[in-house]
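The sequence and structure are shown first.

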Amino acid sequence: MNILLTGGAGYIGSHTCVALIEAGFTPVILDNFSNSQPAVLQRLAQITGQVIACETGNVLDTPWVEDVLRRHGIAAVLHFAGDKAVGESVAQPLKYYRNNIGGAVSLLEAMQAAGCRTLVFSSSATVYGDPASVPITEDFPRRHTNPYGHTKLVIEDMLAAMQTTEPSWRLGVLRYFNPVGAHPSGLIGEDPSGIPNNLMPFVAQVAIGKRPFLNVYGNDYPTPDGTGVRDYIHVQDLAEGHVAALQALLDQGKSFTVNLGTGRGNSVLEVVKAFEQASGRPIPCQMAPRRAGDVAQCYADPALAKTLLGWQAQHTLADMCLDTWRWQSSNPDGYK
Ligand code: NAD
Ligand code: UD1
């Protein structure tokens, strides 16, 4: 069965390609390489022993996307394509509204025209804003604190409206918590351009000697050690979550919205310690003021995903650090 992955050359999409092949599906990548490297395709071939079809182009090009869907006889789409940097979304909101919301509209129109109505969408825990408590269940109120988060919220609402009007759509909305880690081969992983915004890639670059120290953004949060707590989830678990979501849509035909997280929260200092252990390298830290927009704690209640999809995360924080380190140390400059 042929499955289209928009943004399939990116961090989460590339890992999901491997999981789909292992589950017997045939992935087709659609990507414009605005935030990824074509070199990932050779790495995927090395891991899977298969050449994965890739269509290079923009998801905003509706007639072309429709043509891709028809030519490949696509049964379902996993929609990863989009921009994801919170700070950049504040600086350039229109870029985010056009690419993320415009991209989703374009894809849905192309799917409608091609008669493909099964979609898995990459949403984010960012839709919970600053949650009133933890762990977070899917019925918590949603709010946005930046344009990036707003795009995820609007797309979720757009999908719900489509479902009301055309009940034949099968829609799986996945709210990821904090994806980290890499494929255990060390051949594919997260390859941020410029200075990483997120904790794990920054820590990995400190360990490899690219950055002198980690700024710890705030040590006065109401958490056990004062630093921010997040639900880090191995990208391999996330990839399996996509396969489970796709399978549930195909088997049961019912739409859903679920959290993909582990249900465990780890602080910044716990991540640093686990990474030091995994890499055998010191991670010098410097305390810094809180980062604007950050919340104290954010972790999932992952029970619904277990009930609906039969999926739960398997990997530990130590696994996430070991696999990140293998990727970082064998590819100090990413795919370049
Ligand atoms: P990524 O940037 O590595 O992958 C996105 C891919 O989409 C890239 O390969 C990029 O080139 C492509 N792309 C962007 N705009 C496109 C367009 N108009 N046409 C075609 N291709 C386009 O990001 P990722 O970390 O793999 O994230 C995938 C999705 O998951 C995104 O929608 C992101 O918002 C969401 N998400 C990510 C995280 C995270 O921490 N990584 C957390 C929650 C949600
Ligand atoms: C960030 C985004 C969020 C997005 C998520 C996944 C912000 C405000 N939020 O969330 O919208 O969905 O990434 O892409 O950007 N930290 C440091 N030093 C660093 C980097 C991070 O101390 O150099 C701390 C942060 O303060 C936080 C934790 O590490 O407590 C995790 O940060 P990060 O990896 O950026 O993820 P989120 O803040 O959860």
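## Ligand 2

How far does a polar side-chain atom of Arg291 lie from an oxygen atom of ligand 2? The distance is 2.8 Å, within the limit for a polar contact, a pair of N or O atoms within 3.5 Å. The side chain of Asn198 places an N or O atom 2.9 Å from an oxygen atom of ligand 2, and for the side chain of Thr126 the corresponding distance is 3.4 Å. The protein covers 87% of the 750 Å² of accessible area that ligand 2 has on its own, areas being computed by the Shrake-Rupley method with a 1.4 Å probe.

Ligand 2 is surrounded by 17 residues, each with a heavy atom within 4 Å of the ligand. The closest are Leu199, Asn215, Arg230, Arg291 and Asp294. Strand E8 (residues 214-217) gives the largest share of this shell, 4 residues. By type, the shell around ligand 2 holds 7 nonpolar, 7 polar and 3 charged residues.

## Basis of the model

The model is predicted, with local features requiring pLDDT of at least 70 and side-chain atom pairs counted only at pLDDT 80 or more, while totals for chains, interfaces and linings use all residues. Residues are numbered from 1 along each chain as its sequence is written, chains are lettered from A and ligands numbered from 1 in the order in which they are written, and side-chain values use heavy atoms, leaving out hydrogens and water.

## Ligand 1

Ligand 1 has 26 residues around it, and Asp31, Asn35, Ser36, Lys84 and Asn99 come nearest. A polar side-chain atom of Asn35 is 2.7 Å from an oxygen atom of ligand 1. The side chain of Asn58 has an N or O atom 2.8 Å from a nitrogen atom of the ligand, and that of Tyr148 has one 2.8 Å from an oxygen atom of ligand 1. Of the 830 Å² that ligand 1 exposes when taken alone, the protein buries 95%.

Helix H1 (11-22), E5 and H6 each give two or more residues to this shell. The largest share, 3 residues, comes from E5. The shell around ligand 1 comprises 10 nonpolar, 13 polar and 3 charged residues.

## Residues around the cavity

His79, Phe80, Ala81, Asn100, Phe121, Ser122, Lys152 and Ile155 line the largest cavity. Strand E5 (118-124) and helix H6 (147-165) each supply at least two residues of this lining. The lining divides into 4 nonpolar, 3 polar and 1 charged residues.

Note on methods: A polar contact is a pair of N or O atoms within 3.5 Å; within protein, one must be able to donate a hydrogen and the other to accept it, and residues adjacent in sequence count only if both atoms are side-chain atoms. Ala, Val, Leu, Ile, Met, Phe, Trp, Tyr, Cys and Pro count as nonpolar, Asp, Glu, Lys and Arg as charged, and the others, Gly among them, as polar. On a 1 Å grid over the protein atoms alone, a cavity is a set of points where a 1.4 Å probe fits but cannot get out, and a pocket is an open set with protein on both sides within 12 Å along at least five of seven lines; lining residues have an atom within 4 Å of a point.
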